[in-house]
Amino acid sequence: MRNRSNSGVRLDYYQRLVTKTILKQQNPVTGLFGTAEHSSHAWVRDNVYTILAVWGVALAYRKNADLDEDLAKAYELEQSVVKLMRGLLRCMMLQVDKLEKFKKTQSPRDCLHAKYSSLTGKTVVGDKEWGHLQIDATSLFILYLAQMTAAGLQIIFTLDEVAFVQNLVFYIETAYRTPDYGIWERGDKTNHGLPELNSSSIGMAKAALEAINEVDLFGARGGQSSVIHALPDEAQQCQAILHSMLPRESNSKEIDAALITVISFPAFAVDDIEIINRTRKEIEEKLMGKHGCIRFLRDGYKTAREDPNRLHYEPWELLMFEKIENQWPVFYAYFILDGLYRGDTDSVEKYKELLEPLIIKSEDGIPSIPEMYSVPKDKVEQEIRHPHSQVRQLTGKKLHMWGQSLYILGRLVDEKFISPGELDPLNRRLITEPRPDVVVQVVIVAEDVTMQNLLASQGIYVQTMSEVSPIQVYPARVLSQIYSLLGKNKRMGLTGRPSSEIGLLATSKLYILQDEILAFIPQFLDSQQFYTSLDANYMVDILRSEVSFIKKCWKGMGRPLLAISLNSTLLDQYMQPPSSLIGTIRKLQSGYIAGTRVHLGQLSDFVSTSCVTKLSFVQNAEESGTDTQILDIIGDVLKRSSPRPRLLSMGRKASKSYKSSSVRGIVRRSRSITVDAQDVPVCVRLPAIHAQLRQRRALMTPTSPEQSALGLAIKKLEAGAQRIRRKGVTSIIQEGSLPRIPTNEELSHPHLKGTHSPFQSPYGTPHTSPPSSPKASHRAWPHMDKFSKDATYQNVNVHEIVQQLALSENLNEQADIIHYLYVKMGPDWDTEVDSKSCTVKELLVELYEKAGHWKQWWLVRHSAGMLRKRVEDLALAATDLLVRQKQLSVGLPPDREKIITCPLPPDELAAIIYEACGEDLSTASLTQELLIYLAMFIRTEPKLFHEMLRLRVGLIIQVMATELARIFKCSGEEASDHLLNLSPYELKMMLHHILSGKEFMITTVMTEYDDEYKFSVVAKQSKQDTSAFAKRLSRKETVNQQKLPAISVQPNADDMDDEMEDRQGQWLRRRRLDGALNRVPVGFYTQVWQVLQKCHGLSICNNFLAHSLTREMTSGEFKFALQVERVLNMIPQPEYRQLMVEALMVTTLLVDGDCKINLSGQVIHVDKIVHMANDIFIEEQKIPYVVAENSLGAAGICLHLYDTAPSGRYGTMSYLARGLATVLNLSDHQNLECAIS
């Protein structure tokens, strides 16, 4: 007999260790582990982690077998692993009905349970009695199901089980927008049962989706029917959200030790080295202790100060747990594995040394990893005064099986029994390795011969849909319908994939279905989905960014393929391809666009180089008639895309009866985006007043500030205010970044039919002060039964207006009539127009298509709202904003504004938007658009959103309308018309300019019809650039050159007047914009927290921020920022809000390290500081009483103070500092020392 090798002896030791500490607690019937010897509760997460050590020893035996007995031991251990995984699978399959519900609702009440009975496999607590929604636990199970299957274990036995696992993939694929209770089962750290979006859950789900994709669950013996499919876009969305959140765990946890499981073993979910290192450093610096890591800051679990009689904490209690949180040795085991996978021997040795003294050994020498260590009750005060000074005591279980398993796993890898790769057969650990450069293959297909010929006339040769045969090209919604068959199982009641959305990465492949090759056009090019694809400029702009996105995110085998379909909807009104489209195609021909290598060619050229996926699950679907089902899906899509009989005239002339019809203008009356005429914020000239003030200022000899103690305080606070201005406020208010007032020639376009002369301010004389803040007025439109109560509509004969519709040749008339019929009679009412059966909805669809053809964007948006169209990526766009610490609100303030604080399913989010907008369906469509654009900007230019906590979409719409009213000097109603008629591309550009503070101008070009104009938003870099642009534009030849508005360059003297006009009112406007956008200086909330910590509270317009908030929340906590923002958002006037922000920044001088002022017990009234600063300003500037009375703005503050720059001796920060010193009576402080560097 062979002698046992040293490695064999050592392996036998680990086998005994696993048996005595882990396997002895495995239930022989269910295969599950209870949490303790006398507890039968088996957590999914704990069970998976616990079995990893058993799997590791089995791998080691199989690799290092000396004897046949070793292989037998390996098999025994492997079967224990299979027993456990199948036990968990059985528990979850018993809740298949909950899985099916959760796919539709994402509700915590409908989720799979987090723990089961280790004796029976059944549930142990009710749906509402525990925080069951723990996506990371389900994801961990799927991740190791994939890893173990890839390593050779046979865990799944039947196709029913395959279908269930496929639906588990659907269960976790929405993790990026599903708040859950997280790895610690608590959600918000107060443990009040409030789920949160957790980075650890999103990261684990992302890893599971990538790992399980294309895995055959039957292993080497399987076929196409046992392969699991996960769409790449779902994993990519998880990654995008994860990268934006890290190193933050959630809203209430700025950092969490659980993130080590995401950036390293076992998930390896992050591919950005910088984010990995930053997160690891945060954990080590903020959470690491002598006995392990604390889970998160202010974690009260099983500490000496925790009340054991209740699970939740009161918010004010959290502060008492600071610096005494329990430390968990299990995280040392994680860091050891992390070092082993990174090849960092120093880190491995460091954490081995830290872990060794914490190990508990039994009488027979068996080591055990304990659960946690806590500060003894009698040592708490000393520990708080001197952190890490006290000896901690063992708390909780002496054997923490989760930690024990990871400890054994680390020892096995460290002693070379197994390699890191053997625990990771799917190579998750290589995620950070650089990938080869991606070449995006692009195919352009014309939908018909007409489009093909138009492109050929430009020297661009493409194929038509019929010419690419035998390859079939379909819209993305066909692929969505096909994927809806994935995971269907009648026997178990599983309905398959619930989502109707298909992402760009999924459509960047070729597919094989029943021996046919299919290519799919991306969703953003599908005009049937949302109207933005009808705008050629927008489509071209998005195309550039999507090509760049594919390059960045592509991870598939083979090259990505982007199929572009061009149809007549992209042609301009002269039925020619737009120049932007032709220019983009030429860029594609050059082989390089948007920093990405591209290859433009024919579809047949790319079959051998593209990524190809077999849709085998369709062939193996258990329902009979699958072929017929697929044909029905394709036929239904083609039917919706095919031309229909046109019942609406394409003419332009209105009927005579329309002018006197009571339904005339009903669409316009349904809008709520109006700015009251007296509130249109134009920058008017104040030469006389400003000259007078400048003269008085030059003659002033103010009293020296050094003459009193108050003056000394003022001087020091002024100096500090200038430092704050340099660091904070001027980072959000930049001179020279404001729009120029349009010249008189620019304002005298014939389409701007204002009641005032374009050469005169609409507010009277040129000396009138700027108006107060804008307000939105809400006007309801008659809806349903309101028609019967409104005398205007009582005499409307439905059949007469249907006849009028049949004869109408005017879009406005057709829109008003169809709108009335839709609301009065309903969408399914048969109009019998032209003696043909036709419902109101069918007419509405035709009106939508007709408006899209004529590029009448106001009507496109209105009809899209009536059709309840939803943009494809609406939920993802909202999630992109929410997870980046932004809150959303939709609807026009103050009456209809609805706040969105957490990600929601697409349909639920759309329902909230339509509810918030009420009867104003145009605004509902506009709101969806703006959410998409905001999400684009926050992904590509996050700096635009720095220190903006809540994005109030309704207020942004109001600001945009106000800007148009200012530029065109028109009424609010006309500004609303202009806003709604901006193309999607121009709306996107205008939003970008407003967010960035860039100057912009809006040019107009008259179309073929005298009553229509095309708007163009153009950025301005400088006055010289603008003049040069105007010269070039005036020379540019177009189809209707004689109808272009005249643009000329002003003489130098007029330029100087315009420049003066620009400067007057710019700071008022800047404050309005920043107030409306909720923008604050960098570090604002942290500094307010520091002020609040030193005083009794802050009062802002009778709203109170109490000192107790600092006990409930840390300074970096998102929840604290929300509390401050809640108070600031109670201020209706944006410019007044912004002065409050500046005043709060001045108060931070009181807590600077060099400022020794005792604020204990004091309440600082911020609004009093602002009003005192206003009084000082009026007094020092010697503004006459009459002028001051006529210049009152929002909240009674002088408009000239609003229009004052923050900086300088006479800046707002200087006056606010003096106001602060006066209100707090700082002259009483004899020891006032506030040295400002």
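Two strands count as paired if DSSP finds at least two bridges between them; strands (E, at least two residues) and helices (H or I, at least four) are DSSP runs, numbered from the N terminus.

This is a predicted model, in which local features need pLDDT of at least 70, side-chain atom pairs count only at pLDDT 80 or more, and totals for chains, interfaces and linings use all residues. Residues are numbered from 1 along each chain as its sequence is written, and side-chain values use heavy atoms, leaving out hydrogens and water.

**First stop: strand β25**

Select residues 1097-1100, which make up β25.

Look for F1104, the bridge partner of S1099. The two strands form a hairpin with two residues between them, and C1101 in the turn has a positive phi of about 50°.

Next, show β27, residues 1163-1165, which pairs with β25 in the parallel sense over three bridges. Here H1165 stands opposite S1099.

**Second stop: helix α34**

Move to residues 972-980. Eight of the nine residues of α34 are buried, so the helix is largely enclosed by the rest of the structure. Among the buried ones are G972, E974 and L980.

**Last stop: helices α3 and α6**

Finally, select residues 68-93 (α3) and 159-172 (α6). Which residues of α3 and α6 make the contact (heavy atoms within 4.5 Å)? They are R86, L89, M92 and M93 of α3, with E161, F164, V165 and L168 of α6.

Notes: Buried < 20%, exposed > 50% of the residue type's maximum accessible area, 1.4 Å probe, protein only. Axes fitted to C-alpha atoms, helices over the stretch in contact; angles between N-to-C directions. Contact = heavy atoms within 4.5 Å.
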